[in-house]
Amino acid sequence: MSGFLAVLVVVLIFIVIFQIAKASEYVSILKGEKKAREQSNRINGFLLIAFLVLGLIGVYWCNDLLKGKILGESASEQGKGVDTLIYVTLAITGFVFVITQVLLFWFAFKYQEKEGKTAFYFPHNNKLEVIWTVIPAIALTILVAFGLKHWFQLTSEAPKDAAVVEITGKQFNWIYRYPGKDGQLGRRDFKNIDPAKGNELGVDWNDPLSKDDFIPTELHLVVGKPVKFVIGSRDVIHDVGLPHFRLKMDAVPGIPTTLWVTPRFTTKEMKEKTGNPDFTYEISCDQMCGSGHYSMRGVIVVETQEEYDKWVASQKPAYELAHPAEAAPAGAPKADSTQKAVAANIK
Amino acid sequence: MSNEATLHSQQEVMHGAHDHHDHEHHHEDSFISKYVFSMDHKMIAKQFLITGIIWAVIGAFFSVLFRLQLGFPDATFPWLESILGHWAKGGRISAEAYYALVTMHGTILVFFVLTAGLSGTFSNLLIPLQVGARDMASPFMNCLSYWFFFLASLVMMASLFVQTGPASGGWTMYPPLSALGDASIGSKIGVDLWLTSMALFVVSQLLGGLNYISTILNMRTKGMAMTKMPLTIWAFFFTAVLGVLSFPVLLSGFILLLMDRHAGTSFYLSDIFIAGKALANEGGSAILYQHLFWFLGHPEVYIIVLPAMGMVSEVLAVNSRKPIFGYLAMIGSLFAICILAFLVWAHHMFVTGLNPFLGAFFVLLTLLIAVPSAIKVFNWITTIWRGKIHFTPASLFSIGFVSTFISGGLTGIWLGNSSIDIHLHDTYFVIAHFHIVMGVSAFFGMFAGIYHWFPKMYGRFMNNTLGYIHFWITLIGAYLIFWPMHYEGMAGMPRRYYDYSNWASFNQFEPLNHFISVVVIVVFATQLLFIFNFFYSIFKGRKMTTQNPWKATSLEWTTPINPGHGNWPGEIPEVHRWAYDYSKDGRDFIPQTEPIGPNESAH
């Protein structure tokens, strides 16, 4: 019923507007075309200048209202450069924005048709045209130079001492794999994937490097230490979005990508900085990946080296979790030989 | 025919509508050949326009539906269940339905409205009228072009009603999501229908585009040198060139996708484990599709915006009573944009793992586009400088176009720089950027075109007051909707999310989303007002009493008020000058058909 009423109200408003519009058309015919034209010019000219003034105030006000809601200072070393470039670009484009919008609406207002005024025949002027080709070209060269310098830093090889973590996207969550003590990740093949046997990633358990890899549910990073992500996907394209770090990288099935980052603040520090006790670093999926795209949330904990070491010590290798029977009594190397024996028996 | 005689015959048409009427009876058309399978470019233009309007209402309505979800994530709307059925159980749109709506909104608006509806309408209407031709080079191909578009529309429409729903992987249709029915419900029959429809659409575009190019190159009237053409024609020309060169690449990408779906090939698929089993596909590259897609996808945005630029140039010059400033620079910048359009596609792919060195070239070429764009903006502003501007709805929309083109264009400089894109890619910043620069701007250009050439199409005027209301609410609404989205994007808020409430980083924008959705509804209602004005005015609008209501110089206004098939009753007029002699030598305007006088100053 209320829906019906709403529709009725809308239709009524439409009819009223339409009647006014129709009446004003008759009035303008009665008044004479010239007079009606003068009047509509005056009204629209005024509205144009009003729009400019209110619009610029609105831009300022909107900024005031919303600037506190964007993410604050960059939480990664790499993101600092991104933010600087944003500010430089904002300064240049903001300046051009204000100048051009002011000229556009002010000219429209000022040079509206008026009795006795004539237009100025001004088909071209080479000097002016050269000026406004060259100045944007120079401004853009500066932006390109700044941008590319930073781009090559962002995409450079990770430092040798960087930790390595593998992030794999699947519909609809992230799987993290740490290399364990040996610092190297074991081989994997998508054909080995078998969730029922605790092998979500298709890790090749025959590879000795895989024995100490562990697969936690949260991503833990050490503050101030570079970490290299090896990013992949199990099914469709996803994207590791790190808004607080100002970085992102696609996760593409079959084609691994990499991204490295140095966190600046621990989660605890961010809680204090933002004044938000619930602050969490989040990984958002930034590439449309299906109906659960919006729920593909990952959590990052940035902590000190001690906290991190403690956390690592508490993690069980994925191999052990996948092979509870064999792994519990014996160490990893023995488990390896047992499995070989089993494999031999099957043959 | 001498110019004197041409002018004379125009006089006759103006004052003696009866003579003209007799002429029309010479070839009688049946209803089918006149209104359905018409080969008259003007009728085909109207067919494109009205089909485009119908699609625009559907596409915009979809955006209202998904904005309801975004703005009111916890509310339920029982009426949604009555129209969407199990896609909106309990009055709340499901995630699957949300993604289908988003995908269809993009597809419909980009291709069916702003490509077919915009360039299809105005290229058809204006090319023969402004270059002085009786019709297109091939009226039959032109007719086919519309009907292929119609078929594409039917298939796309049908896909909305299938059991598993239409395609729902985003309008870019990236595989593997779009290749595997197991990855998404919309990737079952929905994507097959989507691909079929788009293939038909590409055929329509190629038929149309080749026709536009050959008409412009070969069928200009006597004296109409390329450099005497109005800028609209130049814009349509470059648009058609872009389409003809890039749509076939898109089609090839679609064919490979179709084969991956049904023929067991692995062009785009590799290392995939889905629905509990590992697929056999190996060695394909999902990124290959993105290259093929964006090789059209990027020129596509210029296919959308160039016609708007052309029409805005024309409308601003006519209503400022001034020549367009820097005519040759305007053509040069159109040409530069056209070339650069083909060299920047990978800026949509900076974060796909693209080689960073290769990415650097795309950064450089992308930012280079800002130079011709800046030239155009400054030229438009100088065009209105010291003019004598008459604020018709068309000229207001043209001013609005320049404003939104500046606002949206400048944020392109942000996104084209890969070091900023790595943060803003696929966030609301991108949504804000492209909706302002190619959505709102292109619509403003289209509205300017409709208000300006409506009298040529239907011999009547649209209601001005409704036009003004339409303009002001749309301009203010568009900024209110899209401006704050930049901030959401700066916070990294990803696009294509069904619900943000579980995200600590993004849920602070809930009140803002609520506000945006309310404005969307108001703006949508205003567009309905425009559509009402459009259809009402076709039948009841104020009648055109003079041939040239805007006192414009170009050739379309030398045709009779209701031109028949063939456009000019007598011979086609000859052209002696460019289309922008406004306020020259103390005269308000000098039509293109008037010979250069002996004492006339050169421009």
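B:Arg496 lies in the loop of chain B between helix H18 (485-490) and helix H19 (510-540), where helices (H or I, at least four residues) and strands (E, at least two) are DSSP runs numbered from the N terminus. Its phi is positive, about 60 degrees, although B:Arg496 is not a glycine, and the residue is buried because 21 other C-beta atoms are within 10 Å; the cut-offs are 20 or more other C-beta atoms within 10 Å of a residue's own for buried, 12 or fewer for exposed, and anything in between for partly exposed, with C-beta atoms placed from the backbone. This is a predicted model, in which local features need pLDDT of at least 70 and side-chain atom pairs count only at pLDDT 80 or more, while totals for chains, interfaces and linings use all residues. Residues are numbered from 1 along each chain as its sequence is written, and chains are lettered from A and ligands numbered from 1 in the order in which they are written.

A positive phi is also found at B:Asp271, about 50 degrees, and this residue is not a glycine either. B:Asp271 belongs to the loop between H9 and strand S1 (273-274) of chain B, and it counts as buried because it has 27 C-beta neighbours inside 10 Å. Most residues other than glycine have a negative phi, and most peptide bonds are trans. In chain A, the bond between A:Gln171 and A:Phe172 is cis, with omega about 0 degrees, and A:Phe172 sits in the loop between strand S1 (163-170) and strand S2 (173-177).

## Two residues of chain B

B:Met259 has its place in helix H9 (residues 231-262) of chain B and is partly exposed, with 15 other C-beta atoms within 10 Å. Apart from neighbours within four places in sequence, B:Met259 is in contact with B:Thr265 and B:Phe267, contact being defined by C-beta atoms, placed from the backbone, that lie within 7 Å. B:Gly359 is 100 residues away from B:Met259 along the chain, and the two C-alpha atoms are separated by 30 Å.

B:Pro591 is found in the segment that follows strand S4 (587-589) of chain B and is buried, with 23 other C-beta atoms within 10 Å. Not counting residues up to four places away in sequence, B:Pro591 touches B:Thr553 and B:Thr558, and its C-alpha atom is 7.3 Å from that of B:Ala579, 12 residues away in sequence.

## The interface of chains A and B

The contact between the chains takes 97 residues from chain A and 103 residues from chain B. On the side of chain A that touches chain B, the elements that give two or more residues include helix H1 (2-31), helix H2 (33-66), helix H4 (126-154) and strand S8 (281-285). The residues on this side divide into 49 nonpolar, 31 polar and 17 charged, where Ala, Val, Leu, Ile, Met, Phe, Trp, Tyr, Cys and Pro count as nonpolar, Asp, Glu, Lys and Arg as charged, and the others, Gly among them, as polar.

## Helix packing around H4 of chain A

Two packed helices are described by the angle between their axes and the distance between the axes. The axes of H4(A) and helix H12 (residues 356-368) of chain B come within 10 Å and cross at roughly 165 degrees; axes here are lines fitted to C-alpha atoms, for helices over the stretch in contact, and angles run from 0 to 180 degrees between N-to-C directions. H4(A) and H12(B) are therefore roughly antiparallel to each other, a term for angles over 145 degrees. By class, their contact has 11 nonpolar, two polar and no charged residues.

Within chain A, H3(A) and H4(A) pack at an angle of about 170 degrees with their axes 10 Å apart, and are therefore roughly antiparallel to each other. Residues of this contact include A:Leu85 and A:Val88 of H3(A) and A:Leu143 and A:Phe146 of H4(A), and the contact divides into seven nonpolar, six polar and no charged residues.

## Annotated spans of chain A

An unreviewed UniProt entry lists residues 43-63, 84-109 and 129-148 of chain A as "transmembrane region"; such annotations may be inferred rather than shown by experiment, feature names are shortened, and positions are given in the numbering used here. Residues 43-63 are 100% helix and 0% strand, with end C-alpha atoms 29 Å apart.

Conventions. Two residues are in contact if their C-beta atoms, placed from the backbone, lie within 7 Å. Angles under 35 degrees count as roughly parallel, over 145 as roughly antiparallel, 65 to 115 as roughly perpendicular and the rest as oblique.
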